[in-house]
Each structure stands twice: as C-alpha cells, then as structure tokens.
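Please examine the protein shown below.

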Amino acid sequence: MTSDVSGPAPASSRAGAAAPAIVATGLSKAFGKKVALDGVSLTVPRGSVFALLGPNGSGKTTLVQVLSTLRLPSAGSAEVLGHDLRTAPAEVRAGIGVTGQFSAVDSMLTGLENLLLMAKLYHLARDEGEARARSLLKRFDLSEAWSRPPSTYSGGMRRRLDIAMTLMGDPALIFLDEPTTGLDPRSRQTMWQIVREFVAEGVTVFLTTQYLQEADELADQIALLDHGRVVAHGTPAELKQHAPGAHITLRFATSAGLHAAARSVPGSTPDADAFTLRCPMAADGGAVKRVLDRVPDGLPIEDITVHTPDLDDVFFALSGTTPQTRTEDTARTGDHR
Ligand SMILES: Nc1ncnc2c1ncn2[C@@H]1O[C@H](COP(=O)(O)OP(=O)(O)OP(=O)(O)O)[C@@H](O)[C@H]1O
C-alpha cells in the first residue's frame with residue numbers, strides 16, 4: 001500500500017531553497033521477513049515541522065534511518081533537500097542533522113569540548129567553531145554547564161547538548177527521533193521552545209514521537225504510522241476533525257426526562273443509572289446547538305459535558321490503540337541493511 005502525505009508550502013522557508021525538504025515515494029524496508037516500512041510516501045515542505053507519530057515498533061526510527069542515509073530502503077525512492085538518497089547520499093548528509101534516541105554525547109568531555117569536537121568534524125575554522133559553540137550553549141540554556149562533563153547533567157540537559165551538537169553543522173533539515181521521550185514535563189516544554197525557535201529561523205524539522213500532545217503542539221503536518229504504513233495524515237486540526245468520538249453528554253434530573261430526550265436525539269445512548277445521554281456530534285462549531293435543539297422544550301438539563309476529539313481519538317479509531325498504550329516486541333534481531 002502506498003500512502004500519500006503532502007502539505008502546503010509554509011510561509012517560512014530557507015532562502016533559495018526550491019525543492020521540498022523531503023519527498024518520499026513508496027519507501028519500504030524489510031529486515032529479513034519483518035516489514036518495518038511498507039510503501040511510505042510523504043512530502044515535507046521546507047521550514048515546517050513534520051511529526052511522525054506511532055506506537056513502539058511502527059517503523060518511525062527505520063524511516064528516519066532511511067531518510068538520513070543510515071539504511072538503504074528495500075524499495076521506493078526519496079529526495080532529501082533535492083538530492084536522491086541512493087545516488088547522492090553525501091549531498092544529503094551535508095545538509096542534514098540527526099539526533100537519535102541514543103545520545104552522541106561523550107561523557108568524558110565537557111559540554112564545550114563535545115561541541116568543539118563537532119566543529120572539527122564539520123571542518124569549521126577554530127574561531128567560528130568556538131563562537132558557534134558558545135552561542136548554542138547560551139541558547140540551549142547550558143552556559144553554566146559548559147565546563148562540566150555531561151555525566152553531571154540532567155536528562156534534559158544531555159538531550160539539549162545532543163541537539164546543539166547536531167546544530168553545529170548548521171543543517172537545513174534536522175531529524176529528531178523521539179526528542180522528549182523520558183523527559184519530565186518541564187524539560188519537554190523547554191525542548192518544544194527550542195524546536196520552535198530554530199524552525200522560526202527556517203530549519204525544517206522531521207520528528208518522531210509517541211506523544212500525541214507533542215505532535216499537536218509542534219507539527220504543521222502529522223503522519224500516523226502503524227505497522228510501517230501511513231494510516232492518516234494532515235494538519236492536527238484536519239486529523240481531529242475526522243476523528244469519531246466527538247460527543248456531548250447531557251445529564252437529566254429524571255428517568256422520564258432521560259428517555260424522552262433519548263427518543264428525540266438520533267444515535268444517542270442513554271445511561272439509566274447515571275441519568276446521562278451520550279449524543280454523537282460533528283466536530284464543528286454549531287454541533288452543540290444542533291444537539292440541544294433536538295431535546296424537547298421544557299426538559300430540564302442538569303449538566304452538559306462536551307468531549308471534543310483529540311489525536312488519541314484519531315489514533316484509536318485508526319489502529320485500535322494509542323501510541324502510549326501499545327507495547328510491541330521491538331527486539332532487534334540483527335542488522336539486515
Ligand atoms: N535491525 C533490525 N533487525 C530486525 N528488525 C528490526 C531492526 N530494526 C527494526 N526492526 C523491527 O522493525 C520494526 C520497526 O522498528 P522501528 O525501530 O523502526 O520502530 P519505532 O516505531 O521506531 O519503535 P520505537 O518507538 O520503539 O523506537 C519493529 O518491529 C522492529 O523490531
């Protein structure tokens with residue numbers, strides 16, 4: 001199956017950048033008999049945030065690895081920053097930064113030394129490397145910690161140093177594989193702010209996440225990945241609009257009132273014990289009024305609760321599970337690149 005994901009070009013984009021940041025067509029990847037990616041097609045406009053959302057084992061990391069030239073696809077093709085993955089991997093690598101789930105930080109060096117090591121790898125002149133390192137330390141709120149080894153850092157500080165190291169190469173496109181997994185809510189907020197800042201400067205971000213809220217907060221476009229396939233895509237608002245699960249719950253004072261209303265509101269489900277009536281509704285602005293208009297005049301309603309769908313509903317509707325609740329055996333059985 002091929003799933004197509006595309007979106008409008010965002011307002012912000014890097015000067016002179018014509019091609020989308022990523023155009024993937026029918027990408028598949030199998031490890032022996034295990035199909036990790038199954039015909040993924042997607043387009044990521046420059047200067048935008050694209051979130052790949054999926055449960056454990058759905059293929060997120062594999063897709064990042066393929067798009068960042070760390071693994072060859074079994075089938076399909078992709079252009080990253082206008083360069084073909086198979087024929088021009090060096091050009092792709094020159095324009096991207098990758099921050100994986102496993103840290104690239106060296107615990108024996110200080111924060112500053114880690115950044116200067118990256119400066120060397122990127123062949124930056126000494127002054128330029130030092131200036132960029134100091135500016136990133138400041139921006140990532142690590143100025144106080146520059147002279148300490150990362151073994152003394154918190155999880156959030158290490159993750160920030162890791163991303164700062166990726167940014168030393170001034171990439172146009174950065175892959176963040178589950179950037180906030182395991183971080184506390186405050187560190188997660190800090191990370192989101194950092195992502196927003198470099199996107200505002202024109203960097204394109206492709207991130208994977210298991211957190212619906214993260215995708216909702218950051219992404220211009222979201223693709224839901226399940227068993228290696230894109231099962232839904234769109235803006236957060238588009239996805240929510242198509243989610244079933246929007247409903248309004250009315251509570252009545254009497255059983256007679258409840259049953260009278262149940263007869264009047266099509267598709268509603270009464271709960272005789274709680275005296276409540278669950279009424280399905282469309283996810284648009286006038287939906288609540290339309291439900292209330294159906295309730296016969298003079299029936300006193302004690303309480304109204306509106307449940308608007310969120311990305312959990314979307315994911316649940318499409319895959320019967322949510323990213324946080326699914327566990328799958330993700331044991332690596334060897335590298336079949
Ligand atoms: N090197 C490998 N050899 C064999 N199977 C692999 C390998 N790498 C990944 N897989 C399998 O491919 C599937 C997709 O794995 P992948 O790591 O891409 O998922 P993921 O969505 O990133 O999961 P997680 O959220 O746990 O990181 C899984 O079933 C996984 O076990």
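Leucine 224 is in contact with Leu53, Gly54, Val230, Val231, Ala232, Val314, Phe315 and Leu318, leaving aside its neighbours within four places in sequence. Two residues are in contact if their C-beta atoms, placed from the backbone, lie within 7 Å. This is a predicted model, in which local features need pLDDT of at least 70 and side-chain atom pairs count only at pLDDT 80 or more, while totals for chains, interfaces and linings use all residues. Residues are numbered from 1 along each chain as its sequence is written.

Leu224 also belongs to the largest nonpolar core, which has 50 residues; Ile22, Ala51, Leu67, Val80 and Leu224 are those with the most contacts inside it. A nonpolar core is a set of buried Ala, Val, Leu, Ile, Met, Phe, Trp, Tyr and Cys residues joined through C-beta atoms within 7 Å. A second, separate core of 15 residues includes Met118, Ala133, Phe140 and Ala145. In soluble globular proteins, nonpolar side chains tend to be buried together.

A residue is called buried if 20 or more other C-beta atoms lie within 10 Å of its own, exposed if 12 or fewer, and partly exposed in between. Why is leucine 42 classed as buried? Leucine 42 is buried because 26 other C-beta atoms lie within 10 Å. Of the 337 residues in the protein, 40% are buried.

The secondary structure comes to 11 helices and 14 strands; helices (H or I, at least four residues) and strands (E, at least two) are DSSP runs, numbered from the N terminus. The domain assignment gives domain 1 (22-114 + 169-241) and domain 2 (247-308), with bounds that come from an automatic or database assignment. The centres of these domains, taken over C-alpha atoms, are separated by 43 Å.

Strand 11 (residues 247-252) pairs with strand 13 (residues 276-280) over 5 bridges, and arginine 251 has threonine 276 as its bridge partner in strand 13. Strand 11 is also joined to strand 14 (residues 301-307) by 6 bridges. There, leucine 250 stands opposite isoleucine 304, and threonine 249 has threonine 305 as its bridge partner.

Methods:
Pairing = 2+ DSSP bridges.
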